[in-house]
Amino acid sequence: MEVFSFERKIKHYSSYQKILLVGEGDFSFAVCLARAFGLAVNMVATSLDSRESLMLKYSEAMSNVKELEAKGCIILHEVDVHSMSRHPLLISIRFDRIIYNFPHAGYLHGPFSSEHNRFQIWFHQDLIRGFLQNAREMLTAIGEIHVTHKTKFPFSEWKIVELAQKVGLYLVHEEQFSPWDYPGYENKRGAGMCDQTFPVGMCSTFKFAKLLCHSTTSGFHLGITTSGPWSGYSGINGPRMQW
């Protein structure tokens, strides 16, 4: 495969990192990274939608997918975050960064649903929990999971930091998210009026990493802190990578 002769970066992400993007809507975030890197041979971008559904739901999806494929990105459709670690094309790959922007489980009661409803919040928490459990299995030893999420009520009630701790992850850093840092990125609703954007308001990118030792049965775990030996590590140190 082609390799990068020198490192290119955009915010938290580098062309030297193996990057998995999940829950992509119209794939505009993946395109933003690919354009910043020049190539996308270090990226795998996935969606829950089928290729046919993308064409119906998002006006720019297919042009984005074609651009990514031309730059060497692997595109996978119908990937469920609750089982992605067992996906036949992903099971043997380990990633430096796994990205999930604005996860949303959909609405329990259609247009009559409320984000304030306790059952709706549990529905979202189940999505996040399953994603984090799978993503943890797919990380390199010092990789990170990045979840971008609204931080005001009722979205703060999802308590994603606590969910991460329960599956053997710890919070490396929380950083305020701005879509202006990612030229061309358009967040999409995904449910209902799919091709429309939504106001992100106050939101953050939560960066999680593996605990050194974790046991859900005994309750024993040994944590590491952001001041540890791997704090600030940016990924693979070198231009070559192997899948």
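User: What angle do the axes of helix H1 (residues 28-37) and helix H3 (residues 61-70) make where they cross?

Analyst: The two axes cross at roughly 35 degrees and come within 9 Å. Axes are lines fitted to C-alpha atoms, for helices over the stretch in contact, and angles run from 0 to 180 degrees between N-to-C directions. This is a predicted model, in which local features need pLDDT of at least 70 and side-chain atom pairs count only at pLDDT 80 or more, while totals for chains, interfaces and linings use all residues. Residues are numbered from 1 along each chain as its sequence is written, and side-chain values use heavy atoms, with hydrogens and water left out.

User: Which residues of H1 and H3 meet?

Analyst: From H1 these are Ser28, Ala30, Val31, Ala34 and Arg35, and they meet Asn64, Glu67 and Leu68 in H3. Contact means heavy atoms within 4.5 Å. By class, four of the residues in this contact are nonpolar, two polar and two charged. Ala, Val, Leu, Ile, Met, Phe, Trp, Tyr, Cys and Pro count as nonpolar, Asp, Glu, Lys and Arg as charged, and the others, Gly among them, as polar.

User: What makes H1 a mostly covered helix?

Analyst: Eight of the ten residues in H1 are buried. They are Ser28, Phe29, Ala30, Val31, Cys32, Leu33, Ala34 and Phe37. Buried means under 20% relative accessible area, exposed over 50%, and partly exposed in between (1.4 Å probe, protein chains only). The cover over the buried residues of H1 includes strand E1 (9-10), E2, E3, E4, H3 and E6. Just after H1, glycine 38 has a positive phi of about 90 degrees.

User: How do you know that serine 15 is buried?

Analyst: Its relative accessibility is 0%, so serine 15 falls under the 20% limit and counts as buried. Serine 15 sits in the loop between strand E2 (13-14) and E3. Serine 15 and alanine 34 are 19 residues apart in sequence, with 8.7 Å between their C-alpha atoms.

User: Why is aspartate 49 called buried?

Analyst: Aspartate 49 has a relative accessible area of 15%, which is under 20%, and therefore it is buried. Aspartate 49 belongs to the loop between strand E4 (43-46) and helix H2 (51-57).

User: What makes the approach of aspartate 49 to lysine 57 a polar contact?

Analyst: The side chains of aspartate 49 and lysine 57 are joined at 2.8 Å. A polar contact is a pair of N or O atoms within 3.5 Å; within protein, one must be able to donate a hydrogen and the other to accept it, and residues adjacent in sequence count only if both atoms are side-chain atoms. Leaving aside neighbours within four places in sequence, aspartate 49 is in contact with Leu54, Lys57, Tyr58, His77 and Glu78.

User: Why are strand E5 (74-76) and strand E8 (169-176) called edge strands?

Analyst: The open sheet has seven strands in the order E5-E4-E3-E6-E7-E9-E8, with mixed pairing. E5 and E8 are its edge strands, as each pairs on one side only. Two strands pair if DSSP finds at least two bridges between them. Strand E7 (residues 139-150) and strand E9 (residues 203-210) have six bridges and pair in the antiparallel sense.

How values were computed
Helix = DSSP H or I, 4+ residues; strand = E, 2+ residues; numbered from the N terminus.
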